[in-house]
Amino acid sequence: MGELLKNYDVWGAIWTTIQLAVLSAIGATVIGTIVAIMRVSPVAVLRGLGTSYVNIFRNTPLTVLLVMSVLGLAFILGLSFSDDFARNAYWWAVAMLSLYHAAFICEALRSGINTVPAGQAEAARSIGLTFSQSLSQVLLPQAFRGAVAPLVSTYIALIKNTTVAAVIGVTDIAGLLQEITENEGAQLGIFFMVAMVFVVLTLPLGVFGTSLSRRLAVKR
Amino acid sequence: MSASVLFDAPGPKARTRHLILTVIGALLALAGLWVVIGKMRQAGQLEPALWEPFVTDKSVWVDYLLVGLWNTIKAALLSVVFAGLFGLLLGMGRLSENKWIRWPAGAVVEFFRAVPVLIMMIFLFFGYFAKAETLPADWRPLFAVVIALTLYNGSVIAELVRSGVHSLPKGQGEAGLSIGLTPQQTLRAIQLPQALTAMLPALIGQFVVVLKDTALGVQITYPELLTWAKTLGSSYGNTVPAYLVAALLFILLNYAMTKLATWVERRLKRRGTTAGKVTNAMPTIVQGGAEPGGPAAAGTRAVVAGAEETIESAIESAKERRNDPGW
């Protein structure tokens, strides 16, 4: 197995996976927060836009989004990030992973807001806090605490979903596994190595998230 | 509704502000639509010739899209049935008092939950099934798709079973034991039926995840909806419309399933045939084309509760078992 690995750029593939995960996590957080603000806003049009965004992206398979981006948007509509094919696929993968997971980030944040009972807002206002005070001192802190657990699960899912980028030819770790398996036949060792990469990437996040959400949990 | 928690009833100033935001929002939406349509027109993708086949040509549906849709549904149904059985077994294993059953079951669940579905599909197909001479050629990708989806979703369902049984009031299990049933009988006759009923909405939600994940089959030559949309695009020269229609089919199908899950959830809550918490809570460590959070439109608070339950790592669940009196 050691000999075998020398012929392949294993670290490069792992690095690509990490890059995809970090960049899309940032993108998804930014877009997801904006959509979440729209979805909880008191303006019906913005709420409607946010809801349609979530329903469209949550119900479309990520694979369809990725394939459509490269074969449809890039080739036919000419929306390219880069003239280099590999670079273009890479950035489209980041873009689509961000857009897709933004829908889930939005729902995670919204579910955090929904854990705050209406009584909290009423109590805050009745002791004389202004609207912005009650929002910043009472409601949002509780909402963020409630959102920790679903947010962490979304990020874990995002890390694992970066593998789908292999479908459009990004040489991440799933692409590498395919290359090795096609060339060398089934290598259980390689499979377990790839599996371990994901365990290593996601397990600390899960443990951290669980302890964080326990620590921050609002007693009700 | 969240809006009522965060916002006061609007006064005259706020109403003006809302009106302005409404106009801005509507303008932004229209601008976005305008850009998309403009781009598509520029690339000649709005030519009626590209869209007409979807209405006029029966072959588009009969020979391409419906074939793909059926393959997608077939793979999803097979996976969900096997995943249900596998998950039930694993879940019961995780609930067993025998640690020689409980620990391996726990390890299997945690492992398959952590490995992305696509990794399993690629390995199974290119490693084994692509070269399996004994299988008919068109079964090979189907096998890889179904096995990968079964392993992953089975583990997720095992967690659902476990959290479903744990969410039942303690009295249910204690009552079973006190009338002289063995722990196994208590689990099978009293706890599982109630837990499974409570899980039903979440199971339907899982079906949506499976449906979306079958699209990963495109990577291992399984002829599902996306693959057929691709073929349709190249034979009619309408790639973009073909993908859009395929995406629309996926959205409609999944949206309908999500609505069904919500309806079942509401119905179960009203009927009260289970002592368990009926939640639409979706398993959270999700992958492939899958989603975390799931149909959060319903009972978002329940989703949070479920998320906390399923996010637990092996360590956490082991701790929980220690806290459990264990029968």
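1. Helix 4 of chain A comprises 13 residues and spans 17 Å from its first C-alpha to its last, close to the 18 Å expected at 1.5 Å a residue. The model described in this note is a predicted one. Helix 4 of chain A also bends, by about 35°, at A:Met68.

2. The surroundings of this helix deserve attention next. Helix 4 of chain A is mostly covered, with 12 of its 13 residues buried. Among the buried residues are A:Leu62, A:Leu66, A:Gly72 and A:Ala74, and A:Met68, where the bend is located, is buried as well. The cover over the buried residues of helix 4 of chain A includes helix 5 and helix 7 of chain A, together with helix 11 (225-236) and helix 12 (239-271) of chain B.

3. The contact between the two chains involves 70 residues of chain A and 64 residues of chain B. On the side of chain A that touches chain B, at least two residues each are supplied by helix 3 (44-59), helix 4 (62-74), helix 5 (85-114), helix 6 (118-126), helix 7 (131-161), helix 8 (173-184) and helix 9 (188-216) of chain A. Helix 7 of chain A provides the largest share of that side, 13 residues. Sorted by class, the side of chain A that touches chain B holds 43 nonpolar, 22 polar and 5 charged residues.

4. The largest nonpolar core contains 142 residues, and A:Leu66, A:Ala93 and B:Met121 have the most contacts inside it. Helix 5 of chain A contributes the largest share of this core, 17 residues. Leaving aside residues up to four places away in sequence, A:Ala93 touches A:Leu20, A:Leu66, A:Ala165, A:Ile168 and A:Val170. A:Leu66 belongs to the buried part of helix 4 of chain A.

5. A:Arg58 is found in helix 3 of chain A. A:Arg58 counts as buried because it has 27 C-beta neighbours inside 10 Å, where the cut-off for burial is 20 or more. Between A:Arg58 and A:Phe208 there are 150 residues in sequence and 26 Å in space, C-alpha to C-alpha.

6. One backbone angle in chain B should be noted. B:Thr221 has a positive phi of about 60° although it is not a glycine. Most residues other than glycine have a negative phi. B:Thr221 lies in the loop between helix 10 (183-213) and helix 11 of chain B. With 14 other C-beta atoms within 10 Å, B:Thr221 is partly exposed.

Note on methods
Residues numbered from 1 in each chain as written. Chains lettered and ligands numbered in written order. Predicted model: local features only at pLDDT ≥ 70, side-chain atom pairs only at ≥ 80, totals over all residues. Contact = placed C-beta atoms within 7 Å. Helix = DSSP H or I, 4+ residues; strand = E, 2+ residues; numbered from the N terminus. Nonpolar A, V, L, I, M, F, W, Y, C, P; charged D, E, K, R; others polar. Core = buried A, V, L, I, M, F, W, Y, C linked by C-beta atoms within 7 Å. Expected span 1.5 Å × (residues − 1). Bend = angle between axes of the 7 residues up to and from the residue.
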